[in-house]
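These are my notebook entries on one structure.

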Amino acid sequence: MTDESSPPVLHATGLTRRYGRRTALSHCDLRIPKGRVIGLVGPNGAGKSTLLQLACGLIRPTAGTLRVLGERPAADAAHLARVGYVAQDTPVYAGLTVADHLRMGGWLNPSWDAALAKRRIDRAGLHPAQRAGRLSGGQRAQLALTVAAGKRPELLILDEPAAALDPLARDAFLHQLMEFVAELGASVVLSSHLLGDVARVCDYLVVLAGGRVQLAGDVPDLLAGHRRLVASRGELDRLPAGMEPVRREAAGDRDRVLVRVGAGTPPLPGVGEPVGLEELVLGYLGRAAATGSGSADPSTGPSTGSAGQPEVRR
Ligand SMILES: Nc1ncnc2c1ncn2[C@@H]1O[C@H](COP(=O)(O)OP(=O)(O)OP(=O)(O)O)[C@@H](O)[C@H]1O
(Lines give C-alpha, C1' and ligand atoms only; values in the text may rest on other atoms or scores of the structure.)
Protein backbone atom coordinates (compact mmCIF):
# COMPACT_ATOMS: atom_id res chain seq x y z
CA MET A 1 0.00 0.00 0.00
CA THR A 2 1.43 3.36 -1.01
CA ASP A 3 0.94 6.12 1.51
CA GLU A 4 2.32 9.58 0.68
CA SER A 5 0.80 11.30 3.74
CA SER A 6 2.68 9.24 6.38
CA PRO A 7 6.25 10.07 7.40
CA PRO A 8 8.80 8.62 4.98
CA VAL A 9 9.85 5.07 5.69
CA LEU A 10 13.48 6.21 5.46
CA HIS A 11 14.57 9.83 5.66
CA ALA A 12 18.30 10.48 5.63
CA THR A 13 19.88 13.91 5.67
CA GLY A 14 23.64 14.22 5.28
CA LEU A 15 23.90 10.70 6.67
CA THR A 16 27.53 9.79 7.26
CA ARG A 17 29.06 6.79 8.96
CA ARG A 18 32.75 6.26 9.51
CA TYR A 19 34.52 3.27 10.97
CA GLY A 20 37.72 4.78 12.33
CA ARG A 21 39.31 6.45 9.30
CA ARG A 22 37.23 4.52 6.78
CA THR A 23 34.12 6.29 5.49
CA ALA A 24 31.36 3.78 4.76
CA LEU A 25 28.57 6.29 4.03
CA SER A 26 29.13 9.90 3.07
CA HIS A 27 26.51 12.67 3.14
CA CYS A 28 23.60 10.55 1.94
CA ASP A 29 20.23 12.19 1.39
CA LEU A 30 17.19 9.95 0.93
CA ARG A 31 13.48 10.44 1.35
CA ILE A 32 11.57 7.25 0.59
CA PRO A 33 7.77 7.14 0.97
CA LYS A 34 6.01 4.32 2.79
CA GLY A 35 4.58 1.37 0.92
CA ARG A 36 7.50 0.73 -1.40
CA VAL A 37 9.60 -2.36 -1.98
CA ILE A 38 12.99 -0.72 -2.12
CA GLY A 39 15.91 -2.31 -3.90
CA LEU A 40 19.27 -1.23 -2.46
CA VAL A 41 22.01 -2.08 -4.93
CA GLY A 42 25.70 -1.36 -5.24
CA PRO A 43 29.07 -3.09 -5.48
CA ASN A 44 30.89 -4.73 -2.58
CA GLY A 45 31.76 -2.21 0.08
CA ALA A 46 29.26 0.36 -1.23
CA GLY A 47 27.78 0.87 2.23
CA LYS A 48 24.54 -1.12 1.85
CA SER A 49 24.85 -3.13 5.09
CA THR A 50 25.97 -0.01 6.91
CA LEU A 51 22.83 1.84 5.82
CA LEU A 52 20.62 -1.09 6.84
CA GLN A 53 22.33 -1.43 10.21
CA LEU A 54 21.84 2.30 10.80
CA ALA A 55 18.16 1.90 9.92
CA CYS A 56 17.83 -0.88 12.50
CA GLY A 57 19.62 1.14 15.17
CA LEU A 58 22.44 -1.41 15.44
CA ILE A 59 24.96 1.36 14.80
CA ARG A 60 24.72 5.14 15.03
CA PRO A 61 25.53 7.80 12.41
CA THR A 62 28.81 9.66 12.70
CA ALA A 63 27.08 12.73 11.27
CA GLY A 64 23.73 13.62 9.75
CA THR A 65 20.35 12.22 10.67
CA LEU A 66 18.27 9.19 9.84
CA ARG A 67 14.59 8.78 10.63
CA VAL A 68 12.83 5.45 10.15
CA LEU A 69 9.03 5.59 10.01
CA GLY A 70 9.36 9.14 11.33
CA GLU A 71 11.47 8.29 14.38
CA ARG A 72 15.05 7.71 15.43
CA PRO A 73 15.98 4.08 14.61
CA ALA A 74 15.20 1.72 17.50
CA ALA A 75 13.95 4.72 19.48
CA ASP A 76 12.07 2.49 21.95
CA ALA A 77 10.43 -0.92 22.26
CA ALA A 78 7.36 0.23 20.34
CA HIS A 79 9.50 1.38 17.43
CA LEU A 80 11.55 -1.82 17.48
CA ALA A 81 8.30 -3.75 17.08
CA ARG A 82 7.54 -1.82 13.89
CA VAL A 83 10.73 -2.93 12.13
CA GLY A 84 11.76 -6.47 11.16
CA TYR A 85 15.36 -7.19 10.19
CA VAL A 86 17.00 -10.17 8.51
CA ALA A 87 20.78 -9.77 8.57
CA GLN A 88 23.15 -11.04 5.89
CA ASP A 89 23.39 -14.88 5.84
CA THR A 90 19.88 -15.09 7.37
CA PRO A 91 21.09 -16.12 10.84
CA VAL A 92 19.04 -18.62 12.83
CA TYR A 93 19.75 -20.52 16.05
CA ALA A 94 21.20 -23.84 14.90
CA GLY A 95 20.30 -25.74 18.09
CA LEU A 96 16.66 -24.61 18.14
CA THR A 97 13.84 -26.17 16.17
CA VAL A 98 11.58 -24.36 13.75
CA ALA A 99 8.83 -24.41 16.41
CA ASP A 100 11.28 -22.98 19.00
CA HIS A 101 11.95 -20.04 16.67
CA LEU A 102 8.25 -19.32 16.40
CA ARG A 103 7.78 -19.64 20.18
CA MET A 104 10.67 -17.26 20.72
CA GLY A 105 9.12 -14.84 18.24
CA GLY A 106 5.96 -14.93 20.32
CA TRP A 107 7.79 -14.25 23.60
CA LEU A 108 9.83 -11.39 22.22
CA ASN A 109 7.22 -9.58 20.14
CA PRO A 110 3.97 -8.23 21.58
CA SER A 111 2.46 -8.01 18.09
CA TRP A 112 3.44 -11.58 17.13
CA ASP A 113 1.02 -13.17 14.66
CA ALA A 114 1.28 -16.88 15.44
CA ALA A 115 -1.27 -17.87 12.82
CA LEU A 116 0.59 -16.01 10.07
CA ALA A 117 3.92 -17.53 11.11
CA LYS A 118 2.47 -21.05 11.22
CA ARG A 119 0.81 -20.60 7.85
CA ARG A 120 4.07 -19.46 6.27
CA ILE A 121 6.09 -22.28 7.81
CA ASP A 122 3.58 -24.78 6.43
CA ARG A 123 3.69 -23.14 2.98
CA ALA A 124 7.49 -23.28 2.98
CA GLY A 125 7.35 -26.99 3.82
CA LEU A 126 9.25 -26.61 7.10
CA HIS A 127 8.57 -29.17 9.81
CA PRO A 128 8.16 -27.64 13.29
CA ALA A 129 10.43 -30.28 14.86
CA GLN A 130 13.32 -29.70 12.43
CA ARG A 131 16.44 -28.18 13.97
CA ALA A 132 17.46 -24.94 12.26
CA GLY A 133 21.05 -26.15 11.98
CA ARG A 134 19.87 -28.94 9.71
CA LEU A 135 17.92 -26.70 7.32
CA SER A 136 19.15 -25.91 3.83
CA GLY A 137 20.14 -22.34 2.98
CA GLY A 138 16.78 -21.72 1.32
CA GLN A 139 14.85 -23.15 4.26
CA ARG A 140 16.91 -21.04 6.69
CA ALA A 141 16.08 -17.95 4.65
CA GLN A 142 12.39 -18.85 4.76
CA LEU A 143 12.56 -19.34 8.54
CA ALA A 144 14.39 -16.05 9.11
CA LEU A 145 11.90 -14.21 6.91
CA THR A 146 9.00 -15.80 8.78
CA VAL A 147 10.40 -14.79 12.17
CA ALA A 148 10.93 -11.21 10.95
CA ALA A 149 7.49 -11.00 9.34
CA GLY A 150 5.64 -12.75 12.19
CA LYS A 151 5.91 -9.62 14.27
CA ARG A 152 3.88 -7.87 11.56
CA PRO A 153 6.38 -5.05 11.07
CA GLU A 154 5.59 -1.93 9.09
CA LEU A 155 9.08 -2.13 7.63
CA LEU A 156 11.01 -5.27 6.73
CA ILE A 157 14.76 -4.82 6.25
CA LEU A 158 16.48 -7.64 4.41
CA ASP A 159 20.24 -7.67 3.83
CA GLU A 160 20.98 -9.88 0.81
CA PRO A 161 18.57 -12.52 2.03
CA ALA A 162 18.62 -14.64 -1.11
CA ALA A 163 22.31 -14.40 -1.98
CA ALA A 164 23.19 -18.00 -1.15
CA LEU A 165 20.11 -19.60 -2.66
CA ASP A 166 19.87 -21.54 -5.90
CA PRO A 167 17.56 -20.07 -8.57
CA LEU A 168 14.59 -22.25 -7.58
CA ALA A 169 14.94 -21.52 -3.85
CA ARG A 170 15.40 -17.83 -4.65
CA ASP A 171 12.29 -17.85 -6.74
CA ALA A 172 10.31 -19.42 -3.88
CA PHE A 173 11.81 -16.97 -1.38
CA LEU A 174 10.91 -13.92 -3.49
CA HIS A 175 7.44 -15.29 -4.08
CA GLN A 176 6.94 -15.69 -0.34
CA LEU A 177 8.34 -12.25 0.28
CA MET A 178 5.81 -10.70 -2.09
CA GLU A 179 3.02 -12.63 -0.38
CA PHE A 180 4.17 -11.18 2.94
CA VAL A 181 4.22 -7.70 1.52
CA ALA A 182 0.70 -8.10 0.19
CA GLU A 183 -0.55 -9.62 3.44
CA LEU A 184 1.20 -7.19 5.80
CA GLY A 185 0.98 -4.07 3.67
CA ALA A 186 4.59 -3.53 4.77
CA SER A 187 7.39 -1.51 3.25
CA VAL A 188 10.53 -3.49 2.45
CA VAL A 189 14.16 -2.57 1.99
CA LEU A 190 16.04 -5.32 0.22
CA SER A 191 19.75 -5.14 -0.51
CA SER A 192 20.92 -7.36 -3.31
CA HIS A 193 23.59 -7.89 -5.95
CA LEU A 194 21.05 -9.75 -8.05
CA LEU A 195 19.60 -7.15 -10.37
CA GLY A 196 17.09 -9.63 -11.81
CA ASP A 197 15.62 -10.11 -8.33
CA VAL A 198 15.49 -6.37 -7.76
CA ALA A 199 13.78 -5.82 -11.11
CA ARG A 200 11.26 -8.49 -10.25
CA VAL A 201 10.12 -7.34 -6.82
CA CYS A 202 11.19 -3.74 -6.24
CA ASP A 203 9.29 -0.61 -7.19
CA TYR A 204 11.82 1.83 -5.71
CA LEU A 205 15.55 1.84 -6.41
CA VAL A 206 18.53 3.18 -4.48
CA VAL A 207 21.94 2.85 -6.13
CA LEU A 208 24.87 3.24 -3.75
CA ALA A 209 28.53 3.32 -4.71
CA GLY A 210 31.41 4.22 -2.48
CA GLY A 211 29.04 5.23 0.30
CA ARG A 212 27.23 7.78 -1.85
CA VAL A 213 23.75 7.79 -3.30
CA GLN A 214 24.13 7.70 -7.08
CA LEU A 215 20.45 7.39 -7.94
CA ALA A 216 17.18 7.02 -6.05
CA GLY A 217 13.53 7.05 -7.06
CA ASP A 218 10.43 5.14 -8.06
CA VAL A 219 11.41 2.58 -10.68
CA PRO A 220 8.75 3.59 -13.25
CA ASP A 221 9.81 7.26 -12.97
CA LEU A 222 13.48 6.38 -13.29
CA LEU A 223 12.87 4.21 -16.34
CA ALA A 224 10.67 6.88 -17.93
CA GLY A 225 13.35 9.48 -17.22
CA HIS A 226 16.16 7.70 -19.07
CA ARG A 227 16.81 6.73 -22.67
CA ARG A 228 19.50 4.94 -24.62
CA LEU A 229 20.71 6.85 -27.66
CA VAL A 230 22.52 4.94 -30.39
CA ALA A 231 24.11 6.63 -33.39
CA SER A 232 27.19 6.64 -35.59
CA ARG A 233 30.45 7.58 -33.92
CA GLY A 234 30.59 11.28 -33.08
CA GLU A 235 26.94 12.06 -33.77
CA LEU A 236 26.12 12.10 -30.08
CA ASP A 237 29.05 14.23 -28.98
CA ARG A 238 26.63 17.15 -28.66
CA LEU A 239 23.32 16.33 -27.00
CA PRO A 240 20.10 18.35 -27.11
CA ALA A 241 19.55 20.72 -24.21
CA GLY A 242 17.94 19.08 -21.20
CA MET A 243 19.67 15.74 -21.71
CA GLU A 244 22.30 14.68 -19.22
CA PRO A 245 24.68 11.96 -20.34
CA VAL A 246 25.07 9.30 -17.68
CA ARG A 247 27.34 6.89 -19.49
CA ARG A 248 28.91 6.70 -22.93
CA GLU A 249 29.97 3.47 -24.56
CA ALA A 250 31.60 2.87 -27.88
CA ALA A 251 30.48 -0.34 -29.62
CA GLY A 252 32.16 -0.82 -33.01
CA ASP A 253 31.43 2.23 -35.16
CA ARG A 254 28.48 3.25 -32.99
CA ASP A 255 28.20 5.34 -29.88
CA ARG A 256 25.71 4.42 -27.24
CA VAL A 257 24.79 6.96 -24.59
CA LEU A 258 22.56 6.48 -21.57
CA VAL A 259 20.92 9.84 -20.98
CA ARG A 260 18.77 11.30 -18.26
CA VAL A 261 15.88 13.15 -19.84
CA GLY A 262 14.64 16.27 -18.10
CA ALA A 263 10.94 16.99 -17.69
CA GLY A 264 10.96 19.59 -20.48
CA THR A 265 13.07 17.61 -22.93
CA PRO A 266 11.41 17.19 -26.29
CA PRO A 267 10.50 13.64 -27.36
CA LEU A 268 13.17 11.63 -29.14
CA PRO A 269 11.58 10.23 -32.28
CA GLY A 270 13.43 7.22 -33.55
CA VAL A 271 16.54 7.61 -31.44
CA GLY A 272 15.64 7.16 -27.81
CA GLU A 273 15.28 3.53 -26.81
CA PRO A 274 13.81 2.62 -23.44
CA VAL A 275 16.21 1.19 -20.88
CA GLY A 276 15.79 -1.58 -18.35
CA LEU A 277 16.65 -1.53 -14.67
CA GLU A 278 19.88 -3.46 -15.11
CA GLU A 279 21.19 -1.08 -17.77
CA LEU A 280 20.22 1.88 -15.58
CA VAL A 281 22.04 0.52 -12.53
CA LEU A 282 25.14 -0.42 -14.51
CA GLY A 283 25.15 3.01 -16.15
CA TYR A 284 25.23 4.82 -12.82
CA LEU A 285 27.74 2.41 -11.28
CA GLY A 286 29.95 2.80 -14.36
CA ARG A 287 29.77 6.55 -14.06
CA ALA A 288 30.57 6.42 -10.35
CA ALA A 289 33.61 4.24 -11.00
CA ALA A 290 34.84 6.40 -13.85
CA THR A 291 34.39 9.78 -12.18
CA GLY A 292 35.51 8.84 -8.69
CA SER A 293 32.10 9.61 -7.21
CA GLY A 294 32.07 5.93 -6.29
CA SER A 295 34.49 6.72 -3.52
CA ALA A 296 33.37 7.67 -0.03
CA ASP A 297 36.45 9.84 0.34
CA PRO A 298 34.95 13.36 0.42
CA SER A 299 37.80 14.74 -1.68
CA THR A 300 36.98 12.66 -4.74
CA GLY A 301 33.83 14.23 -6.06
CA PRO A 302 30.12 14.87 -5.71
CA SER A 303 27.64 12.24 -4.56
CA THR A 304 25.02 12.83 -7.21
CA GLY A 305 24.27 14.73 -10.32
CA SER A 306 27.74 14.68 -11.86
CA ALA A 307 27.47 15.40 -15.55
CA GLY A 308 30.79 13.70 -16.28
CA GLN A 309 30.97 11.76 -19.51
CA PRO A 310 33.08 8.70 -18.88
CA GLU A 311 33.94 6.68 -21.93
CA VAL A 312 33.58 2.95 -21.38
CA ARG A 313 34.79 0.77 -24.25
CA ARG A 314 33.93 -2.85 -24.67
N1 LIG B 1 32.61 -2.99 11.44
C2 LIG B 1 33.36 -2.39 10.50
N3 LIG B 1 34.59 -1.94 10.80
C4 LIG B 1 35.36 -1.32 9.87
N5 LIG B 1 34.98 -1.10 8.59
C6 LIG B 1 33.77 -1.54 8.24
C7 LIG B 1 32.90 -2.21 9.16
N8 LIG B 1 31.74 -2.53 8.52
C9 LIG B 1 31.90 -2.08 7.25
N10 LIG B 1 33.10 -1.51 7.09
C11 LIG B 1 33.62 -0.89 5.85
O12 LIG B 1 32.62 0.02 5.39
C13 LIG B 1 32.50 -0.06 3.98
C14 LIG B 1 31.06 -0.39 3.62
O15 LIG B 1 30.80 -1.71 4.08
P16 LIG B 1 29.36 -2.37 3.95
O17 LIG B 1 29.44 -3.71 4.61
O18 LIG B 1 28.35 -1.42 4.45
O19 LIG B 1 29.22 -2.53 2.37
P20 LIG B 1 28.20 -3.41 1.52
O21 LIG B 1 27.72 -2.54 0.42
O22 LIG B 1 27.17 -4.00 2.40
O23 LIG B 1 29.15 -4.52 0.93
P24 LIG B 1 28.82 -6.03 0.46
O25 LIG B 1 28.02 -5.94 -0.78
O26 LIG B 1 30.19 -6.59 0.21
O27 LIG B 1 28.11 -6.72 1.61
C28 LIG B 1 33.52 -1.08 3.51
O29 LIG B 1 34.67 -0.39 3.11
C30 LIG B 1 33.79 -1.89 4.75
O31 LIG B 1 35.10 -2.40 4.74
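I took helices (H or I, at least four residues) and strands (E, at least two) as DSSP runs, numbered from the N terminus. The model is predicted: local features need pLDDT of at least 70, side-chain atom pairs count only at pLDDT 80 or more, and totals for chains, interfaces and linings use all residues. Residues are numbered from 1 along each chain as its sequence is written.

Entry 1, ligand. I counted a residue as near a molecule or strand if its C-beta atom, placed from the backbone, lies within 6 Å of it. I found Y19, R22, A24, G42, N44, G45, A46, G47, K48, S49 and T50 around the ligand. Both β2 (22–32) and α1 (48–56) supply at least two residues of this shell; α1 gives the most, with three residues. I sorted the shell into three nonpolar residues (Ala, Val, Leu, Ile, Met, Phe, Trp, Tyr, Cys and Pro), two charged (Asp, Glu, Lys and Arg) and six polar (the others, Gly among them).

Over residues 10–235 I read 35% helix and 29% strand, with the end C-alpha atoms 42 Å apart.

I took two strands as paired if DSSP finds at least two bridges between them. Three strands form an open antiparallel sheet in the order β2-β1-β4. Its edge strands, β2 and β4 (63–68), each pair on one side only. I noted seven bridges between β1 (residues 10–19) and β2; H11 has R31 in β2 as its bridge partner.
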